Amino acid sequence: MILPHFNLLAHATHGSASGFVSGLAHPVGGLDHILAMVAVGLWGAQLKKPAIWMLPVAFPMAMAFGGALGVIGVAIPGVEVGIALSAVVLGLMVLLEARPPLWVAGVLVAVFAIFHGHAHGTELPHGADGTLYSVGFVISTGLLHGVGIAIGLLHKFDWGAKVVRAGGLLVLLGGCYFLYSAIAS
């Protein structure tokens, strides 16, 4: 059985991804990706319907767009900073129980998804077929959103709202670490 190699950064290497299993394992191989994906689910659950499904759908759609940009070689400056900022901002949204208009939440999630997708796209070796890899990382990303939603559903209880907000704080702190690492390197 192939187990993912766990790194703090899911997007630390380029040109190393191929195939369905690689795509499936990739998002769970880096804490930066896990934090952002779980935060999308947490925030969607806090915001309730329709955000509970809209944010986790918007993210992989925009991520696929960012992935396509990466595959065709369109450069996006500051990808690692954008990925780190996704955890900082999404963690802050959960911690503060922010309730912007739904379209604002959707745009925010989509913009961050482009950075995550671009990193995925640049990891695909030149000339490789990225279809199965893309399907794998979209499925895995959706499962991580599902974990966030499951935890986020605890928000309906007084004690659960505190647990969800504490989860937002953990995401925020992790994002600050990754942001510092991205800027310092």
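This is a predicted model: local features need pLDDT of at least 70, side-chain atom pairs count only at pLDDT 80 or more; totals for chains, interfaces and linings use all residues.
Helices in this account are DSSP runs of type H or I with at least four residues, numbered from the N terminus.

Lys48 sits in the loop that links H2 and H3. Its phi angle is near 65 degrees, a positive value in a residue other than glycine. Lys48 is exposed, since its relative accessible area is 51% and the cut-off for that class is over 50%. The loop between H2 and H3 also holds Pro50, and the peptide bond that joins Lys49 to Pro50 is cis, with omega at about 0 degrees. A positive phi occurs again at Glu97, where the angle is near 55 degrees and the residue is likewise not glycine. Glu97 belongs to the loop between H4 and H5. With a relative accessibility of 25%, Glu97 counts as partly exposed.

The helices on either side of these loops can now be considered. Two packed helices are described by the angle between their axes and the distance between the axes. For helix H2 (residues 31-47) and H4, the axes come within 9 Å and cross at roughly 35 degrees. On the H2 side, the residues in contact are Asp32, Leu35, Ala36, Ala39, Val40, Leu42, Trp43 and Gln46, and they meet Glu80, Ile83, Ser86, Ala87, Leu90, Met93 and Val94 of H4. This crossing of H2 and H4 is left-handed.

Helix H4 (residues 79-96) also packs against helix H5 (residues 102-123), at an angle of about 145 degrees and with the axes 9 Å apart. The crossing of H4 and H5 is left-handed. H4 contributes Val79, Gly82, Ile83, Leu85, Ser86, Val89, Leu90 and Met93 to the contact, while H5 contributes Leu108, Val109, Phe112, Phe115, His116, His118 and Ala119.

One of these H5 residues, His118, is buried, with a relative accessible area of 6%. Setting aside residues up to four places away in sequence, His118 touches Gly66, Gly67, Leu69, Gly70, Val74, Ala75, Ile76 and Val79. Leu55 and Val109 are 54 residues apart in sequence, yet their C-alpha atoms lie 6.7 Å apart in space. Leu55 is buried, because its relative accessible area is 0% and the limit for burial is under 20%. Beyond residues up to four places away in sequence, Leu55 touches Val40, Trp43, Gly44, Leu47, Ala105, Gly106 and Val109.

The largest share, 4 residues, comes from H6.

Note on methods:
Residues are numbered from 1 along each chain as its sequence is written. Side-chain values use heavy atoms; hydrogens and water are left out. Helices (H or I, at least four residues) and strands (E, at least two) are DSSP runs, numbered from the N terminus. Axes are lines fitted to C-alpha atoms, for helices over the stretch in contact, and angles run from 0 to 180 degrees between N-to-C directions. A crossing is left-handed if the near helix is turned anticlockwise from the far one by less than a right angle, and right-handed if clockwise. Contact means heavy atoms within 4.5 Å. Buried means under 20% relative accessible area, exposed over 50%, partly exposed in between (1.4 Å probe, protein chains only).
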